[in-house]
Amino acid sequence: MTFRFARHTNNLEQLKNFYVNILGFELLNSFENHAGYTGIIIGDKNENWHLEFTKSEDVVVFNFHDDDNLVLYPSNKTDYDLVISRIKSYKIEIIQAKNSFWNEHGKMFLDPDGYRIVISDIKSKK
């Protein structure tokens with residue numbers, strides 16, 4: 001089974017830069033004016049999941065809850081440290097999670113839409 005999380009945005013180019021250049025995902029595909037939508041699909045070509053971001057003429061009003069988190073698990077400590085280093089080099093603010101578990105087991109920050117992202121160090125501690 002393949003998993004894809006699709007989210008509409010007003011900030012397609014900013015999200016592309018954020019997820020590809022800062023978080024290190026691959027741009028797997030993009031499309032223009034597909035039924036009125038322009039979008040990108042990102043992820044890892046060797047995995048069976050993708051993130052899709054789309055933009056249309058509709059303006060998105062975001063209403064994320066404090067516990068709506070995308071949690072990412074780097075494979076090892078080197079990968080974890082590399083992502084956290086890139087986040088800091090772009091001066092992206094690390095924020096406190098509402099759920100203290102994520103503060104103990106990773107770093108939380110916001111993507112360009114204000115969606116909460118956690119980079120968890122759980123795998124790097126094994």
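The model is predicted. Helix H2 spans residues 77-89. The largest nonpolar core has 22 residues. Six salt bridges turn up in a search of the whole structure.

**Helix H2**

- H2 has 13 residues. From first C-alpha to last it reaches 18 Å, close to the 18 Å expected at 1.5 Å a residue.
- Tyr80, Val83, Ile84 and Ile87 are the buried residues of H2. Seen down the helix axis, these buried residues fall within an arc of 95°, so they line one face of H2.
- An α-helix has 3.6 residues a turn, so residues three or four places apart point the same way.
- Thr78 and Ser89 are exposed, on the face of H2 turned away from its buried side.
- The cover over the buried residues of H2 includes helix H1 (12-22), strand E6 (106-110) and strand E7 (116-120).
- Lysine 91 follows H2 and has a positive phi, near 60°.

**Nonpolar cores**

- In soluble globular proteins, nonpolar side chains tend to be buried together.
- Within the largest core, Tyr19, Leu23, Ile87, Ile117 and Ile119 touch the most other members.
- At least two residues of this core come from each of H1, strand E3 (37-43), strand E4 (49-55), strand E5 (69-72), H2 and E7. H1 gives the most, with five residues.
- Leucine 23 touches Phe18, Leu72, Val83, Arg86, Ile87, Phe109, Ile117 and Ile119, not counting residues up to four places away in sequence.
- A second, separate core has five residues, among them Ile95, Trp102, Met108 and Val118.

**Glycine 43**

- Glycine 43 sits in strand E3. Its relative accessibility is 1%, and it counts as buried.
- Leaving aside neighbours within four places in sequence, glycine 43 is in contact with Phe25, Glu26, Leu28 and Trp49.
- Asparagine 29 is 14 residues from glycine 43 in sequence and 9.6 Å from it in space, C-alpha to C-alpha.

**Serine 56**

- Serine 56 belongs to the loop between E4 and E5. It is buried, at 17% relative accessible area.
- Its side chain makes a polar contact with the side chain of histidine 8, at 2.9 Å. The side chain of serine 56 also reaches the backbone nitrogen of aspartate 58, at 3.2 Å.
- Beyond neighbours within four places in sequence, the contacts of serine 56 are His8, Gly36 and Tyr37.

- Side chains of opposite charge can pair when their charged atoms come close.
- Aspartate 111 and arginine 7 meet in a salt bridge at 2.7 Å, N to O. Aspartate 111 lies in the loop between E6 and E7 and arginine 7 in strand E1 (residues 3-8), so the pair ties together parts 104 residues apart in sequence. Both residues are buried.
- Arg7, Asp111 and Asp113 are linked in a salt-bridge network.
- Aspartate 66 forms a salt bridge with arginine 116, with the closest N and O atoms 2.7 Å apart. This pair links the loop between E4 and E5 to strand E7, 50 residues apart. Aspartate 66 is partly exposed at 35% relative accessible area, whereas arginine 116 counts as buried at 16% relative accessibility.
- Lysine 98 and aspartate 67 form a salt bridge at 3.8 Å, N to O. Lysine 98 is in the loop between H2 and helix H3 (100-104), and aspartate 67 is in the loop between E4 and E5, 31 residues apart. Lysine 98 is exposed at 55% relative accessible area, while aspartate 67 counts as partly exposed at 39% relative accessibility.

Notes:
Residues are numbered from 1 along each chain as its sequence is written. This is a predicted model: local features need pLDDT of at least 70, side-chain atom pairs count only at pLDDT 80 or more; totals for chains, interfaces and linings use all residues. Side-chain values use heavy atoms; hydrogens and water are left out. Helices (H or I, at least four residues) and strands (E, at least two) are DSSP runs, numbered from the N terminus. The expected span of a helix is 1.5 Å times one less than its number of residues. Buried means under 20% relative accessible area, exposed over 50%, partly exposed in between (1.4 Å probe, protein chains only). The arc is that of the directions from the helix axis to the C-beta atoms. Contact means heavy atoms within 4.5 Å. A nonpolar core is a set of buried Ala, Val, Leu, Ile, Met, Phe, Trp, Tyr and Cys residues joined through side-chain atoms within 4.5 Å. A polar contact is a pair of N or O atoms within 3.5 Å; within protein, one must be able to donate a hydrogen and the other to accept it, and residues adjacent in sequence count only if both atoms are side-chain atoms. A salt bridge is a side-chain nitrogen of Lys or Arg within 4 Å of a carboxyl oxygen of Asp or Glu.
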